[in-house]
Amino acid sequence: MSSVRGKVLVIGGGIAGIQASLDLAEAGFKVYLVEKKPSIGGRMAQLDKTFPTLDCASCILTPKMAEVPRKANIELITYAEVIDIVKEKDGFRVVVKKYPKYIDETKCIGCGICVERCPAREKLGAPDEFNEGLSTRRAVCILFPQAVPRKAVIDPNICLYLTRKTCKVCEKFCPAQAIDWSDTEKILNLYVDAIVVATGYRFVDPRHPALSIYGYGKYQNVYTNIEFERILDSRGPTGGEILRRSDKKHPKRIVFIQCVGSRDYRINPYCSAYCCMASIKQAVLAKEHEPGVDIVILYMDIRAFGKGFQEFYERAVKEFGIRFVRGRPAKIVEDPNTKNLIVYYENTLKGTIEKIEADMVVLALGIVPNPPDFMKRLGLVEPDGRVKIKDPSDPIATPVEGLFIAGMLAGPKDIPDSVAQGSAVAMRVMQHILRRKVEVVAT
Amino acid sequence: MTEEYEPKILMIACNWCSYAAVDLAGTSRMRSPHNIRIIRVMCSGRVDPQMVLEAFVNGADGVIVAGCRLGDCHYIEGNYKTLRRMALLKKLLEQLGVEPERFRLEWISAADAKKYVEVANDMVEKLKKLGPLRISFEEISKLIEEVKHIE
Amino acid sequence: MSGEEIRIGVYVCHCGTNIAGTVDVEEVVRYASTLPNVVIARNYVFMCSEPGQQLIKEDIKKYNLNRVVVAACSPSLHELTFRNAVKEAGLNPYLFEMANIREHCSWAHPDRRKATEKAKDLIRMVVAKARELEPLEEIKIDVTKKALVIGGGVAGLRAALDLARSGFTVYLVEKRPTLGGHTARIPFIRYLGVRGDELISSIVKELVSMPNIKIYTNADVVSMEGGVGSFRVRIRVRPKYVDSKCNLCGECVKVCPVEVSNEYEYGVGTRKAIYLPYQTAYPQIYVIDPEVCTRCGECVKVCPTKAIDLDEKERYEDIEVGTVILATGYDPYEPEKGELGYGLSKKVITLFQLERLLDERGPTKGVLRIGDTEPRVIVFISCVGSMGTSPKAGSYCSRMCCSTMLSAALKIRDQLPGSYIYVIHKDIRTYGYDEELYWKALERDIRFVRYEELPEVKVSGDKIEVVVKDITIGEYISVPADLVVLVNGMAQGKYLREVLNVVRVSCGDEGFVKEAHVKLRPVDAASEGIYLAGSVTGPKSVIESIIHGSAAAARAATVLSKDHVFAEPIIAKVDEDLCSGCLVCVGMCPYNAISTKETDGRRIAFVNPVLCMGCGTCAAACPSGAMQQQGFKDKQVFAQIRAFAR
Amino acid sequence: MSKKVRVALYWMASCGGCEEAQVDAITDELSVIDYLDIVFWPVAMDFKKEDVEKLPDQSIDVALINGGVRLSEHVEMAKLLRRKSKIVIAYGSCSSWGGIPGLANLYQKEEILSRVYSEVPTVAEEGRRPQRKYVTEEGVELELPEFLPMLLPLNAVIEVDYYIPGCPPSPETTLKALKTLLSGETPPRGSVLGASSRALCEECPLNKTKPDKVLVKEIKRVYNAKIDPEKCLLIQGIPCLGPVTRGGCEALCPRVAMPCIGCYGPLDRHIDYGGKALSFIASIIDARSEDEIKKIIDTGIPDPAGLVYKFTLPASRFRMNLRKWGGSR
């Protein structure tokens, strides 16, 4: 490809954004990929395994991530946010805020020596976002081993030098002289022909008053499913061992609660689509980790609708002996001595009130689209958090010409559907640009 | 030999999973035994039993053939072919008097650095008990030399 | 290259202190320089840095090196970097090899002496391989900037539209005489949404207005050769016996003596041997069904425009395209006669049939009647043909039926406010935003009964009774029904079986096509250049099919946008005069890249360099060693193994 | 060809099959024998070692040696003939790579002796072993050669110029080889004479019956399999070694519905014939689960070494069983 056929901004470096960027770059378009975190990868990077094949998330994601910086057409801008877009005659002006990393990306070789040496650890450290706060990270950190770009970032809030003007240990040990204390916040202006927003989703807040009955945050051994995912991961805070928060013991019984913040008018009327399978997957993995553990999944309907899902569900029952009980808990009470949890629920298939004692409870959290603020300002977001679309039969085109959405932002879905939408949105963008170019030529 | 015997192990690893797992082990600074030397092939399906025999003859006290987990093969089903070949090879090695501990077929996913380290440690430990295999081939060459000198 | 003296340069990277910290790089370099054919060995703080690469480039010229070995980090990080550097210095990039002494050595072993020894070994082994390396050329394929779309359903149409809009020439091949597939027969998408036939018409209208698309209906793909960038395809166009002179007057239909059930109404209506599939069908031409036509010639006599020719023959067309999109869709599950009363009474119908009856453009103008009375009690039974409810059924979930069923139930509720509507179901799987339908159904007094053991439909005369064990109350209940709707799922498309072997794709047990990777490459087929759209890979909604159609189009566009595609030269190659034609290799290839060819009277193996992905499993199997994987030839790998021993 | 070619023929650990083949060959209608001047052929004529020793060095044009090296005597004679001959040819599978007697290398010398002289039911006197030296009543001292610790191919003890493969080599192969030499051609040292450079399948009339994909759901054994003589044996699940074995015999066995057992030995690209044979046989097994595969192998290939090393064990990368040094420790 000699000349660039058009410029595109992709917001969000999750799997949907990555796929869209790769396809657009392959097709000869210039892509600016803006990611809020220091590395692309999004939620999928946090996953241990994926359903229904159980192949490990990083094995299949890492090669795709690695492709991004290799593409000459992609300009990867991490640790930055799009704060505003302005429609201009034939495209958009985009304002990007780039946070200071205090690391010269061109010099950093990602060796991680600074991380090892950084004294801002344990109490001086900060909760590790990648591990959902189940572990602490240091002031200087690399998000996760397969991070792309594999570059360190310094957290100014806890860095001893930036907070108390002492230390500079990282600078001493950095073999590449990459530490740059003079780094500051920067504002970039980009001019693009089209925009893809793939900022994904956020989890329903487990502390939401309507969910207080589950006691998250109050009871130590109640986990969210993304926390549990990190615990299952051999790269995670426990090195892949399932240990209770309260006493670091292996659980004997784990209870999963489905539709927490989904299919619930008080929070989120619709179904989050991913959680049934996610819980079944986590249940199976837990069985693999702890063959002895008893697992109960409390559900409303098991929505195993995707390819190979139903088969996986049946394996979970037959091969792994996971128990599925149809019922939604009314309350959870903690035994103050054992820190075990007594779950009260109605078995709606038997019509009986039952209770079960678990030493670990996992909440399958519902999800809501996570649009950037500028979309809200442009009035593109419905009260319930959904992004407005132009035409019911085309869920990825917004009312704004040239502004598209993809992935979880366009509604709950699993990984393959997000990837498909990433490619699909790339197609929409190509057309939008090529057709407009044609018109421009015509007139 | 004043110091303790250190077995030498050759691992033939597939590019996409097992080799990446060893990379990850390094990146995560996990300590793994230094006894292992790795040869990279694109797919464990490329591994020809001749390679394993050659490795033993060339001083390997143990050989590991590693690929993606069954079902995860980057080339759809290369590792199933490996599975078939190595199953038959194991049987042959037994007949040739090679202890089963000296040859392993392992499926190691790209994220399972932990498994690599476990496999490696376990094998080194077992091989230390068995002692060197190289000696057998030295013995055989000696015998042949003697035979040659019969007048 | 043969005969030429081998001159190797070895470059050991400190990677700051990452390697130099534990490995004695000086000693390693000293050792490397003693290895055979090594003419220069150096160490440098960051080989991957600009100056580091410069160092290599200069040496290549200065010492006219013809092999380069870099001992640094994992090839997954910098193999490409150094290949390019070597290339820029005018050396073939495949005469480069990398030794991983960071991840596999310095980072893993703190013991300086042992790490240093290991680094030496790794380098010795790689140098041994380097000695055997050969220059390789990437395979350059000119891309034919045209696409073939197989299947004219909503997914195929959307893919064709997207590619045509992006300026590529598109050939669209549809098995049936008309475009639109099943979507065109759906009267309402998600209860309130668009009409299927209108959705289709809007796409078709734009398509036919485009100069760069060619549509073949009543046609199929009979052969396909080549690979990504250039497929040669043969299309068979079957006769319709009616040509474009047809003015749709319909006289022919009046006189046609043959009447059969109409597949476009899923059997709830009938058609003649000569017919127009449905009002909005494209193309707007009558067609004769040769299966049932008696060749009586009545239609020919009455046709005012002489548009009918009963002797029309099938014709073939050969085209060349750069990519192929397979979008042959699904077919509804057809219940067995007697399965839940199906076929025993007019009052037992499938969901697909119900949709036709609720379509104001359908055979009943959308008025739901059994005979001439309107049904009071309507019973839906879900998961018919899915979830292993019958021996013939798949064990999978058909994904769409729950939403479609509830949309239909709500339509009936609008039409017959006084009726009793029961939904006998397993799980209700209105996932995502479709949950809305479930809420609506509950609000509007549609009654849900959950079953585990399959209900029984008792047909006696025109009385129908549905008996089901309601597991919530644990008792059997019996519902006298006026209409029973079997919510039938989606099964493998009938046409798919025929094209499977023509287009090189394979199916899973459930009968849907396997993706290259079920999660990360959902619209790619295993072989390069072939993409999958819509329900051909598994049940999907209309909207999901549209998305997948665009996705497949995007993947195709990534190829079509290029003038050439390059295939990695790390592929298998046959040494022709050593091949005995035993064919063992052919069965090894997961991409069907190996076929046979005749050479001076011998049948020998032939590798299609475009299809080969370079796994090398054929080389491992080849009994005579005639099959070799470039870059991993026996002589190269074995040299590396032999160098294992000091 | 003016002057006759001076030929020596000698047998080592051999079954006599090669001799039969040699007789067939040199007494063929073309009567090669007219061009040959046989100076040493213990199996057919009365020669003694001294007769050879008397000959001046390099005075023999061609020495054809068959059988494997199992006794010290074989080493002595091999060396002697090497000294006296311009060209030494390993004739037949045994002398080329050990042949069937080479399978004895799966056992250690001591195991073999005790089996033969103690364990087998037909032993006359329990534990009685042959003595290397023995004096008869007449006071004649007899000396038996030493039974070597393993069987070796000829090239392990002397330089070999050429190989003629087969068990035995077919008359055609032998003739082709001899004619090559008589014609004065000098192929590169180490070449295999009289056979093909490609695998047997090429010559096999059944090869054309192969489907594109050669995959089998079970592996059968000849003794109890129903074999269709018109169809490729491999696709019937018979482990035929045709694909991995050097051609040249015109597929004698497959023609009569017997699988190739590999007597023409390795091809030039083989590193270890057995390893390669094993690789391709395992490759065609069409099964996915470990147990399934194990079942197929255990029922179809109870003795892999016997299958893949039937003729080449002593020339393989291992050459023999390692138990003595390995497992025992």
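The model is predicted, so local features need pLDDT of at least 70 and side-chain atom pairs count only at pLDDT 80 or more, while totals for chains, interfaces and linings use all residues. Residues are numbered from 1 along each chain as its sequence is written, chains are lettered from A in the order in which they are written, and side-chain values use heavy atoms, with hydrogens and water left out.

**The interfaces of chain A**

The size of an interface is often given as the accessible area lost when the parts come together. Here buried area is the accessible area (1.4 Å probe) that two parts lose on being put together, summed over both. The table sets out two interfaces. A salt bridge is a side-chain nitrogen of Lys or Arg within 4 Å of a carboxyl oxygen of Asp or Glu.

| Interface | Buried area | Share on carbon and sulfur | Salt bridges |
|---|---|---|---|
| Chain C and chain A | about 5400 Å² | 58% | nine salt bridges |
| Chain A and chain B | about 920 Å² | 53% | one salt bridge |

Chain C contributes 61 residues to its contact with chain A, and chain A contributes 71 residues. On the side of chain C, Tyr433(C), Lys519(C) and Leu520(C) lose the most area to chain A, together 16% of what that side buries. One of the salt bridges joins Arg399(C) to Asp417(A), with the closest N and O atoms 2.8 Å apart.

Helices (H or I, at least four residues) and strands (E, at least two) are DSSP runs, numbered from the N terminus. Among the elements that each supply at least two residues to the side of chain C touching chain A are α3 (75-88) and α12 (435-443) of chain C. The element giving the most to that side is α14(C), with 12 residues.

The contact between chains A and B takes 15 residues from chain A and nine residues from chain B. Its salt bridge links Glu116(A) with Arg29(B), whose closest N and O atoms are 3.2 Å apart. On the side of chain A that touches chain B, α3 (57-70) and α4 (113-117) of chain A give two or more residues. Chain A and chain D, by contrast, do not touch, their nearest C-alpha atoms being 17 Å apart.

Helix α2 (residues 49-57) of chain B packs with helix α8 (residues 273-283) of chain D at an angle of about 145 degrees, their axes 7 Å apart. Axes are lines fitted to C-alpha atoms, for helices over the stretch in contact, and angles run from 0 to 180 degrees between N-to-C directions. Residues making this contact include Leu53(B) of α2(B) and Leu278(D) of α8(D).

**A sheet in chain C**

In chain C, three strands form an open antiparallel sheet in the order β9-β10-β15; two strands pair if DSSP finds at least two bridges between them. The edge strands, each pairing on one side only, are β9 (219-227) and β15 (315-321) of chain C. Strand β10 (residues 230-237) of chain C is joined to β15(C) by seven bridges, and Phe231(C) has Val321(C) as its bridge partner in β15(C).

Methods:
Contact means heavy atoms within 4.5 Å.
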